[in-house]
Amino acid sequence: MHLVKFSHWRTGVLFLALTAAVPLLSHGQTFVDRFDNGSDQDWEHYNPLDTGSYTFPGGNTYEITAGAPDSGFFGAARAGSIFQPAVGHDFTVKVDLLGWLAGMPQTFGLVARINEPGLGSTTGYLLSYNPGTSAGREQNALRIQRLDNEAPVDLALDDLPDDLDPEQGYRMTFSGTGGQLSGSVAALDDLGTTLGSVTATDTTYATGRFGLLVADTNAFDLQNASATFDNFEVTIVPEPSRSGVLMGLMAVALAVASRRRPRPTHHD
């Protein structure tokens with residue numbers, strides 16, 4: 001009987017494990033929360049002013065409300081929720097937007113590559129919709145913004161021709177590959193028609209978590225902000241450094257596995 005040496009067996013196991021990991025590196029992982037259990041146990045509340053509330057209309061959707069603060073010293077109302085299981089570099093994140101406070105100057109949408117969420121510390125990117133004429137503003141905008149310690153910096157804007165209807169559902173999609181960021185919005189009953197889209201290039205934040213945000217944008221009259229979401233989905237690819245380490249290990253395993261033992265030398 002031929003016995004396989006332990007070193008050869010160990011190399012084979014390493015090779016098989018690393019080979020199995022390659023599809024995860026090339027295709028990423030997808031996480032979904034449909035809120036069907038009326039819970040956000042996988043989420044961390046971003047509630048810097050302690051005025052946020054989190055409810056589940058119908059037991060299967062997710063409503064985030066930022067109550068107006070007593071003072072504007074720390075800024076206008078804002079609240080959000082960060083999905084904990086997913087952290088990554090390249091990403092595509094989607095959510096269904098089911099409704100919001102009509103006629104209010106507010107912003108709401110998806111956040112990506114978020115780190116240190118909190119008062120004066122949040123960094124990352126935001127894809128948001130801002131109601132226009134219905135909220136007394138000139139622009140009915142889809143935006144990509146960078147968040148620098150909670151301060152928004154505009155990167156791209158698409159002035160939509162018409163206000164979105166808070167009684168109709170929409171799908172928001174936000175993607176990032178390296179420094180290339182893109183976002184879009186479409187009606188749920190016609191996902192093939194994009195109502196607005198934005199693109200931007202920014203390399204400030206390379207990795208982080210993903211989630212949802214609502215905020216009041218009226219700097220002179222503090223008010224509430226609220227939006228209802230459903231069917232949150234994020235697909236992520238690990239950051240390049242981790243992928244590179246794993247691929248390097250696999251290359252070593254392949255090299256070791258391919259080495260042949262030297263043939264014994266025969267002496268006459």
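Is Phe 73 buried or exposed? Phe 73 has a relative accessible area of 68% and is therefore exposed, where exposed means over 50%, buried under 20%, and partly exposed in between, computed with a 1.4 Å probe on protein chains only. The structure is a predicted model, in which local features need pLDDT of at least 70 and side-chain atom pairs count only at pLDDT 80 or more, whereas totals for chains, interfaces and linings use all residues. Residues are numbered from 1 along each chain as its sequence is written, and side-chain values use heavy atoms, with hydrogens and water left out.

The protein contains two helices and 15 strands; these are DSSP runs numbered from the N terminus, with helices (H or I) of at least four residues and strands (E) of at least two. Of its 268 residues, 44% are buried. Among contacts (heavy atoms within 4.5 Å) with a separation of 6 or more, 67% join residues 24 or more positions apart.

Phe 73 lies in the loop between strand 4 (62–66) and strand 5. Together with Phe 74 and Leu 119, Phe 73 forms a nonpolar surface patch with about 360 Å² of accessible area. Such areas come from the Shrake-Rupley method with a 1.4 Å probe, and for residues only the protein chains shown count as cover.

Strand 5 (residues 78–88) holds Ser 81, which counts as buried because its relative accessibility is 0%. The side chain of Ser 81 makes a polar contact of 2.9 Å with the side chain of Tyr 62; the term denotes N or O atoms within 3.5 Å, one able to donate a hydrogen and the other to accept it within protein, and residues adjacent in sequence count only if both atoms are side-chain atoms. Beyond four places in sequence, the contacts of Ser 81 include Trp 43, Tyr 46 and Leu 212.

Leu 212 is also one of the residues with the most contacts inside the largest nonpolar core, which has 45 residues. Strand 15 (residues 225–237) supplies the largest share of this core, six residues. Another core, of seven residues including Tyr 46 and Ile 82, lies apart from it. A nonpolar core is a set of buried Ala, Val, Leu, Ile, Met, Phe, Trp, Tyr and Cys residues joined through side-chain atoms within 4.5 Å.

Definitions and conventions:
Patch = residues over 30% accessible without salt bridge, like charges linked within 9 Å, V, L, I, M, F, W, Y side chains within 5 Å. Salt bridge = Lys/Arg side-chain N within 4 Å of Asp/Glu carboxyl O.
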